[in-house]
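Keep the sequence and the 3D view open as you read.

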Amino acid sequence: MRRYSSSAHRRYPVCVFEVAAAAPCAFIKHPLSCILHSMRVTTEKIVFGGEALARIDGKTVFIPFALPDEELDITVTANKRDYSEAVIKKVITASPHRIEPLCPYFGRCGGCNLQMADDTYQQILRQAMVAELFDRAHIAPERPPVFIAGTGWEYRNRFQFHTDKNGTIGMHGFASNTVVPVHDCPIAVPALRTVLQQNGLQKLFPRSSKIDKGRYHVFAQDDIYSPIHPDASARVKNTVLNFSVFGFFQSNITMLEKMIEPVSDIPPCTRVLDFYAGVGTFSAFLTDKATELHLVEHNEPALRAAQQNLDRIIAEKNGSCRCFFHTVSDADWPDIPAAQLVYDAAIIDPPRQGIHERALTYLGQAKIPLIHYVSCNPATFVRDAKKLTALGYRFIEYRLFDFYPQTHHCELLGIFIR
């Protein structure tokens with residue numbers, strides 16, 4: 001596949017073409033495709049997860065790498081009770097928003113699934129996917145949602161590479177654990193792109209043994225951090241945050257900076273709860289807002305990093321904010337004495353599975369006046385938002401942050417009051 005700059009994507013010039021001939025890296029041939037018959041469908045929409053939906057005799061079929069309103073010849077690869085799965089055999093009528101993917105690994109690497117759409121249309125699709133989640137759950141904010149866009153390329157700071165039994169390092173393949181060696185990644189920040197282009201990935205990892213069950217973590221900003229240099233630092237709005245490269249940190253620093261402003265937009269108050277606090281990323285920008293910050297995090301190394309970050313930041317500001325660090329899970333938090341304190345606001349940033357049921361019950365009982373809920377999974381956010389409203393909260397609005405262009409993923413901030 002030829003590569004094109006992000007400002008000069010070539011649109012497919014014909015409306016009928018063989019996918020295998022036009023874009024050999026863009027689609028996966030399923031091993032059953034040689035024995036299963038093909039059929040023609042017209043796609044309706046993209047659902048959360050990034051697959052297009054079509055129907056065969058009324059039955060739903062999901063098709064990766066397809067766009068809405070495309071006429072396709074498809075091969076069904078799996079028949080389930082309520083739906084089928086398929087792959088594209090031929091695009092008969094392409095969407096006007098279909099472009100040639102920029103990345104030569106698209107379709108083989110499992111990292112991106114929307115590169116076949118132009119950037120502007122991708123943003124429309126991500127908003128529509130999230131809106132449909134709210135519609136299906138019959139819940140809506142009081143104010144219209146807000147979309148915050150970012151750059152579509154060279155944005156990603158944090159990666160997780162994998163290795164196979166042969167020692168090959170790369171990305172997991174699409175819908176598989178096969179390792180695809182990559183020598184470039186257009187969504188990686190320039191420093192990491194250079195490493196990939198110079199075949200320098202192997203040098204970032206010790207050769208003596210596998211790390212974390214075959215996973216190799218990298219963070220790049222001013223410097224490149226990896227298992228041979230694991231004590232990482234990131235500049236976020238001119239504030240330095242330290243963390244271990246083996247732990248979690250946000251993957252798009254530019255968008256994180258855009259998110260921090262509304263997350264930290266709380267009135268001056270006595271006590272703020274930072275739930276799922278990680279290394280203190282949000283608390284770092286709340287030290288001027290609260291007399292006390294209570295950080296809750298089950299991961300002890302992350303919370304130790306949070307304490308070091310907050311102690312240093314407060315000292316540099318000669319601030320008076322007091323911080324308390326609670327190494328406890330979300331499920332066990334309601335059982336400790338600090339949970340009985342009165343909190344004026346809460347910042348909640350759970351993992352993909354959302355808020356634990358016991359923690360949700362706690363929030364209903366604690367009646368914290370203001371909750372800022374940061375979510376990396378809109379599907380579980382919608383579930384939790386519905387429960388919070390049932391517990392007496394008003395769902396004011398959500399803001400959608402375009403953290404992960406070229407994929408279906410995004411992050412959102414939901415605001416709840418009572």
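**A walk through the fold**

F159 stands opposite V218 in β12. Before following that pair further, a word on the model: it is predicted, so local features need pLDDT of at least 70 and side-chain atom pairs count only at pLDDT 80 or more, while totals for chains, interfaces and linings use all residues. Residues are numbered from 1 along each chain as its sequence is written, and side-chain values use heavy atoms, with hydrogens and water left out.

Strands here are DSSP E runs of at least two residues, and helices are H or I runs of at least four, numbered from the N terminus; two strands pair if DSSP finds at least two bridges between them. Five strands make up this open sheet, in the order β11-β10-β9-β12-β13, with antiparallel pairing. At its edges stand β11 (179-180) and β13 (224-225), each with a single partner strand, so one side of each has no neighbour in the sheet.

On to β10 (residues 169-172), which pairs with β9 in the antiparallel sense over two bridges. Here H162 stands opposite G170 in β10. The hairpin of β9 and β10 has five residues between the strands, and G167 takes a positive phi near 85° there. Next, β10 and β11 run antiparallel and are joined by two bridges, with V180 in β11 as the bridge partner of M171. Their hairpin has six residues between the strands, and in it A175 takes a positive phi near 55°.

Now for the aromatic residues. Back at F159, R156 lies over the face of the ring, 5.4 Å from its centre. A charge sits over a ring if NZ of Lys or CZ of Arg is within 6 Å of the ring centre and within 35 degrees of the ring normal. Likewise, the charged end of R418 sits over the ring of Y393, at 4.8 Å from the centre.

The structure holds 21 aromatic pairs. Rings of Phe, Tyr and Trp (its six-membered ring) pair if their centres lie within 6.5 Å; planes under 30 degrees apart count as stacked, over 60 as edge-to-face and the rest as tilted. The ring centres of F219 and F249 are 5.9 Å apart and their planes stand at 90°, so this pair is edge-to-face. It links distant parts of the chain, 30 residues apart: F219 is in strand β12 (residues 215-220), and F249 in the loop between β15 (239-244) and α4 (253-263). Both F219 and F249 are buried, that is, under 20% relative accessible area, where exposed is over 50% and partly exposed lies in between (1.4 Å probe, protein chains only).

F249 also leads us to the largest nonpolar core, which has 98 residues; F249 is among those that touch the most other members, as are I63 and F161. Helix α5 (residues 300-317) gives the largest share of this core, seven residues. Such a core is a set of buried Ala, Val, Leu, Ile, Met, Phe, Trp, Tyr and Cys residues joined through side-chain atoms within 4.5 Å. Another core, of 35 residues, lies apart from it and includes A137 and Y343.

Finally, the whole protein chain: it has seven helices and 22 strands, and 55% of its 418 residues count as buried.
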